[in-house]
Amino acid sequence: METQTADDRSQTISTGFLDGARKNYPREVQYVIVALALAAITGLEIATYAAPGFPLWNWGEKAGLVSFLLLLMAIKFWTVAYFFMHLRFDKPILTRLFYSGVILAIGVYVAVMATLHGFRAGQH
Amino acid sequence: MADTAVVDHDAGAPHAHIEHDTNTGISNTKLGMWIFLASECLLFGGLITTYLLYKTPISVEQGPAPHQVYDIPFTSVSSFVLLMSSLTMVLAVAAIERGDHHRVRTWLVATALLGATFIAGQIYEFTVFVGEGMGYTTSRSSSAFYTLTGFHGVHVTVGIIMLVSLVLLSMRGKLPEHRSETVETVGLYWHFVDVVWIVIFAVVYLIP
């Protein structure tokens, strides 16, 4: 049975050590403001379906619509992760850990689509 | 290893938790949840990729494609409901850090109810789709669609079970403010389910 030596203990770090984190999370009113912003962005997403001919996203065949929706999606994703999941206020290593998973997932997407010719219409 | 309860009443958002030593300086529970969520990105990345690869049926004899049966206004309402559940969840985390147990239970129940509303909407949606001829085995696109959205639905359901468990713990007095990290960890899972739906709603439902 292994026992923890004094030297082992000296290598541990207290969870209270901030290491880049902020001591306090935002006030409740800030969460409500963020949620209202997210609701407004969702409204914009729905508007692309309700008014497909609006000039802001109706350009370049479907390129404008796809770009606009991907941008809104990325903003919503980032906002929830940073404010509600507290990545903005927590230790930076958690941000790096989470976005490693996201980048790997995007890598899986690109690899599979490229391997199976998914980027070329009618090839799969 | 002695635990130390820390309550900070000076700041705008009071913060109560137990400090202890770990190798990383992050509690093992929280780090474990983040590693799990990072791995979940790969799971959903694979499922979304499969859907995008197979979203068009090979022939019209294979029944309707998912995008032909979507009810975007209905799904938009469901998306809004899930988005708002993230707000109630984060308010529950803020309440437990304040030691306001009544509000913790209120926000947790609200989050669970919003999640249940989303699941009810998904069951209704699936029922309508099957009625219109798009079953699980109708085509590879329908299989990919049901697998992706079904997996997400299972994640929401697991989240609801965790929320109800937290409410029961709180009612029995087993969720004091120094265990706020338990609520925060469940909250991380819940918000992740929300961000996954943000991607699914845009990529699967809205992008043509």
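How many residues does the contact take from chain A and from chain B? The answer is 52 residues from chain A and 58 residues from chain B. Keep in mind that this is a predicted model. Together the two chains bury about 4,900 Å², and 75% of that sits on carbon and sulfur atoms.

**Polar and charged links across the interface**
- Two salt bridges turn up between chain A and chain B.
- In one salt bridge, Glu28(A) pairs with Arg98(B), and their closest N and O atoms are 2.1 Å apart.

**What chain A brings to the contact**
- On the side of chain A that touches chain B, at least two residues each come from strand E1 (13-14), helix H2 (28-50), helix H3 (63-84) and helix H4 (92-115).
- H4(A) gives the most to that side, with 12 residues.
- Sorted by type, the chain A residues touching chain B come to 33 nonpolar, 11 polar and eight charged.

**Two positive phi values in chain A loops**
- Glu61(A) isn't a glycine, yet has a positive phi of about 55°.
- You'll find Glu61(A) in the loop between H2 and H3 of chain A, and it counts as exposed because its relative accessible area is 77%, over the 50% cut-off.
- His86(A), also a residue other than glycine, has a positive phi near 65°.
- His86(A) lies in the loop between H3 and H4 of chain A, and it counts as buried because its relative accessibility is 2%, under the 20% cut-off.

Technical notes:
Residues numbered from 1 in each chain as written. Chains lettered and ligands numbered in written order. Predicted model: local features only at pLDDT ≥ 70, side-chain atom pairs only at ≥ 80, totals over all residues. Heavy atoms only, no water. Contact = heavy atoms within 4.5 Å. Buried area = accessible area lost by both parts, 1.4 Å probe. Salt bridge = Lys/Arg side-chain N within 4 Å of Asp/Glu carboxyl O. Helix = DSSP H or I, 4+ residues; strand = E, 2+ residues; numbered from the N terminus. Nonpolar A, V, L, I, M, F, W, Y, C, P; charged D, E, K, R; others polar. Buried < 20%, exposed > 50% of the residue type's maximum accessible area, 1.4 Å probe, protein only.
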